[in-house]
Amino acid sequence: MSAFTPDADWLHWHLSPKKPDFVPPEGAVDAHCHVFGPGDQFPFAPERKYTPCDASKDQLWALRDHLGFSRNVIVQATCHGADNRALVDALEHSGGLARGVATVRPDISDEELQALHAAGVRGVRFNFVKRLVDALPFDSLHTVAERIKPLGWHIVIYFEAQELPELYDFFTSLPTTIVVDHMGRPDVSKPVEGEEFQLFIRLLRENSNFWSKVSCPERLSLTGPDTYDDVVPFARHVVEQFPERVLWGTDWPHPNMKSHMPDDGALVDMIPRIAPTPELQQKLLVENPMRLYWPEEWEAQHGA
Ligand SMILES: O=C(O)/C=C(\CC(=O)C(=O)O)C(=O)O
C-alpha cells in the first residue's frame, strides 16, 4: 500500500487494454512513458502539483510486452520533481531495454550526472506546463543545458501551443537536440495550416536539431475517446514532413487524464493512421528512437 493517496479525481490506467490489431515492427520503442513510485519506496516530491497512483516498472514491462513493443524510454514526471530514484531503479532493472529522461537542478554534481548516465539516462526534461510545475528561469535552464551537453544528452520540452511564441527564441538558443512532447499540445480545433500549428512546424523546419513526439491524441482530441480523428491530421503532417525526427509513446500510465482513460491497445492501432507506410512506421518506432537513445547499438548494427 503506498504511503500516498492519489488525487480524488485521479483516473487509473486501463486495466485490460486490447491486443493491438497493428503489429509493431521488431524492436519497436515506446518512447514516452512513466513509472510512479511505489510511494513508500520512492516518495513523490513535496512540490508536486498532483499525486498519482503507483505505477511500477513491472507493470510497464508487462504493457510493453502486451502491446508488442521491445523497449521503453521512461520520462521523469513532475510528481517526482528532481528525485530520479524511481526512474533509475526502473532503468537498472530493465536489462538495457529502457533509457531515461531525468529532471535535474542546475547545481547537480558531476558525480550525480555520471551516475544517471551510467543508469541509462540520455536526456533531461524542461516542463513549462503551468498546471504541472513552476518552470525554472531561463538562465538556470541554460546552465542545465550546458551541464548535460558534454554527456551527449538531449532536452525534452513540454509546453502548450499558446506559449510557443514567447518560448520560441529560448528554445532555439538551446545547444542540444531538442525533443518536443506531444507536438507542443496543438489546439486541434484550429486548422493544421493555421498560424498556431504552423509556428510549431516552422520550429521543426528551420531547426534540424528539433524532434517531436506524435503522442497523446487522448490529451488533445476534442472529438472524444474513440478514434481521436481530429488529432490524426496534425500527427500525420509531422510524421510525413519530418520522418527522421519523430517519436511515438503510450504516455502510460496517462497522468492527469480527466475526461477518460485511453485503451493503450487502441492507441497503438492509431499508428498506421499517422504513419501510413511500413517505412514511416519503421522510422517512427525503431530507427529514430534507437538513433537517439541507443546510438552505439544502432550504429554497430547499421553503421553510422
Ligand atoms: O505525462 C505527460 O506527458 C503529460 C502530463 C504529465 C507530465 O508531463 C508530468 O507530470 O511531468 C500531463 O499533461 O499532465
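## Cavities in the model

Three cavities of 30 Å³ or more are found in this structure, which is a predicted model. The largest cavity holds about 120 Å³ of space. Its lining is made up of 15 residues, and those closest to the centre are Arg125, Leu132, Tyr158, Arg219 and Pro255. Sorted by class, the lining of the largest cavity comprises five nonpolar, six polar and four charged residues.

## The second largest cavity

Next comes the second largest cavity, with about 80 Å³ of space. Here the lining consists of 11 nonpolar residues, one polar residue and no charged ones. Among the lining residues are Met183, Val214, Ser215, Pro217 and Trp248. Two helices deserve a look as you turn the model: H8 (232-241) and H10 (271-274) each contribute at least two residues to the lining of the second largest cavity. The lining also includes Leu267 and Met270.

## Helix H3 and its two sides

Now let's move to helix H3, which spans residues 110-119. Which residues of H3 are buried? They are Leu113, Leu116 and Ala119. These three lie on the same side of H3 because they cover an arc of only 125° around the axis. On the other side of H3, you will find Glu111 and Ala118 exposed.

Just after H3 comes glycine 120, with a positive phi of about 125°.

Terms used
Residues numbered from 1 in each chain as written. Predicted model: local features only at pLDDT ≥ 70, side-chain atom pairs only at ≥ 80, totals over all residues. Heavy atoms only, no water. Buried < 20%, exposed > 50% of the residue type's maximum accessible area, 1.4 Å probe, protein only. Helix = DSSP H or I, 4+ residues; strand = E, 2+ residues; numbered from the N terminus. Arc of directions from axis to C-beta. 1 Å grid on protein atoms, 1.4 Å probe; cavity = no way out; pocket = protein on both sides within 12 Å on 5 of 7 lines; lining within 4 Å. Points joined across faces, edges and corners; volume = space filled by probe spheres on them. Nonpolar A, V, L, I, M, F, W, Y, C, P; charged D, E, K, R; others polar.
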